[in-house]
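Please look over the sequence and the structure shown below before reading on.

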Amino acid sequence: MRWIRCLDCGERYPLEEILRRDGRSEDPPVCGHCAGVLKPDVIFFGEALPEETLREATWNADHCDLFLVVGSSLVVYPAANMPFYAKQAGAGLVIVNLSATPADKMADVVLNAPAGEAMGRILEEVRQRLTGSCA
Ligand SMILES: [Zn+2]
């Protein structure tokens, strides 16, 4: 949400730059290169994922040692397939989500907690263990 992308030429702009340039205008902002339509550089619900991004994510899921799901109910496809690909390829699966997901049964660890809180604690634990092993 901190980046804006041109739908025509693909140029990316920091959100602050567009707000500084057009923030007070009533007209929608346009691309400085091609005058194309700008939108936040995120995938909105119902939008297709870029093909290359999907191919890369699938490859990574097939080749990872550990797959971490953070803050997803895993009901929107194709992203919801990724933990299944990882598990089929032999990876460990950790799911951090407030509510149950369809992949919980095959997960090695399920943490039903707010993502920000759980990840903060996981990061702290990893830090302590890494620091401990190096000392
Ligand atoms: Zn453009």
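## Domains

In the domain assignment of the protein chain, domain 1 covers residues 3-40, while domain 2 covers residues 51-134. The model is a predicted one, and in this model the C-alpha centres of domain 1 and domain 2 are 33 Å apart.

## The largest nonpolar core

Nine residues make up the largest nonpolar core, and these are Ala 61, Phe 67, Val 69, Met 82, Ala 86, Leu 93, Ile 95, Val 96 and Ala 103. The elements that supply two or more residues to this core are β4 (66-70), α3 (82-88) and β5 (92-96), and the largest share, three residues, comes from β5.

Ala 61 belongs to this core, and, when residues up to four places away in sequence are not counted, Ala 61 touches Phe 67, Met 82, Tyr 85 and Ala 86.

## Ala 113 and its contacts

Leaving out residues up to four places away in sequence, Ala 113 touches Val 96, Leu 98 and Ala 118. Ala 113 and Asn 97 are 16 residues apart along the chain, and their C-alpha atoms are separated by 5.8 Å.

Terms used: Residues are numbered from 1 along each chain as its sequence is written. This is a predicted model: local features need pLDDT of at least 70, side-chain atom pairs count only at pLDDT 80 or more; totals for chains, interfaces and linings use all residues. Domain bounds come from an automatic or database domain assignment. A nonpolar core is a set of buried Ala, Val, Leu, Ile, Met, Phe, Trp, Tyr and Cys residues joined through C-beta atoms within 7 Å. A residue is buried if 20 or more other C-beta atoms lie within 10 Å of its own, exposed if 12 or fewer, and partly exposed in between; C-beta atoms are placed from the backbone. Helices (H or I, at least four residues) and strands (E, at least two) are DSSP runs, numbered from the N terminus. Two residues are in contact if their C-beta atoms, placed from the backbone, lie within 7 Å.
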